[in-house]
Amino acid sequence: MPNLNHHLISDVIRSRRTINQFAPEPVPTEIVLEGLELAIWAPNHKLTQPWRFYLLGQETSQRIVNLNADMVRESKGPEAAQKKRERWSTIPGWLVVTYQRSDDAIRDKEDYAAVCCAIQNLSLFLWDAGIGMKWTSGPVTRSDEIYEILNLDRKLEEIVGVMWYGYPTETPQMKRRPAAEFVTQLP
């Protein structure tokens, strides 16, 4: 019996893009929360449920914008810092995704992978709802200062990424090489 949803899921997966340009309108929090409810259905070995989600308000996101601008100023100068501040200040939705660290190296790796799967679930749900997302994991996400801003203990919790989300103003076109180029079949 054919699965009628198969084509819908395929379309969402193939059409999803990383969005860099967002309309200023905020996304209703309820939609993001609904997406997070689905995100946590990601595969998760031993059901450790390591994911943690931090929806950022204007005050917290602005502190991260300022931190990033300071970091860019140090490495690339004041003009680049101002451009970055202006760009980041236009992002309508901010979500930080972390995972709870484990002393067991294998479990830690499995938990990180589970959180990545959860982020993909969220991304696909939001895309299907007309909302784009960008997963950023640049230097600011690894700084001690962002952990202070978010009141996180980096020994216990690690940032996987900062997710920007909003209604896309443009959707990049993308082509992928055929999967057959990456598949090896063994006897």
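Buried residues have under 20% relative accessible area, exposed residues over 50%, and partly exposed residues fall in between (1.4 Å probe, protein chains only). By that scale R154, at 33% relative accessibility, is partly exposed.

These legends describe a predicted model, in which local features need pLDDT of at least 70, side-chain atom pairs count only at pLDDT 80 or more, and totals for chains, interfaces and linings use all residues. Residues are numbered from 1 along each chain as its sequence is written, and side-chain values use heavy atoms, with hydrogens and water left out.

**View A. R154 and D144 form a salt bridge.** A salt bridge here is a side-chain nitrogen of Lys or Arg within 4 Å of a carboxyl oxygen of Asp or Glu. The closest N and O atoms of R154 and D144 are 2.5 Å apart. This pair links distant parts of the chain: R154 sits in the loop between α6 (144-150) and β4 (157-166), while D144 is in helix α6, 10 residues apart. Helices (H or I, at least four residues) and strands (E, at least two) are DSSP runs, numbered from the N terminus. D144 has 46% relative accessibility and so counts as partly exposed. The count of salt bridges comes to seven.

**View B. R101, D108 and E158 are linked in a salt-bridge network.** Within it, R101 bridges to D108, with the closest N and O atoms 2.8 Å apart. R101 is partly exposed at 32% relative accessibility. D108 is buried, with a relative accessible area of 10%.

View C. The salt bridge brings the closest N and O atoms to 2.8 Å.

**View D. Helices α3 and α4 are roughly antiparallel.** Their axes come within 7 Å and cross at roughly 155°. Axes are lines fitted to C-alpha atoms, for helices over the stretch in contact, with angles from 0 to 180 degrees between N-to-C directions. Angles under 35 degrees count as roughly parallel, over 145 as roughly antiparallel, 65 to 115 as roughly perpendicular and the rest as oblique. Contact means heavy atoms within 4.5 Å. On the α3 side, the meeting residues include I64, V65, D70 and R73. Those in α4 (residues 78-88) include P78, K84, R85 and W88.

**View E. The whole structure holds four aromatic pairs.** Y99 and Y112 form one that is edge-to-face, 5.7 Å centre to centre with 70° between the planes. Y99 is in strand β2 (residues 93-100) and Y112 in helix α5 (residues 105-128), 13 residues apart. Y99 is buried, at 3% relative accessible area, whereas Y112 is partly exposed at 34%. Rings of Phe, Tyr and Trp (its six-membered ring) pair if their centres lie within 6.5 Å; planes under 30 degrees apart count as stacked, over 60 as edge-to-face and the rest as tilted. Ring pairs also join W88, W94 and W164 into a cluster.

**View F. T136 lies in strand β3 (residues 132-136).** T136 is buried, with a relative accessible area of 14%. Leaving aside neighbours within four places in sequence, T136 contacts T141, G161, V162 and W164.
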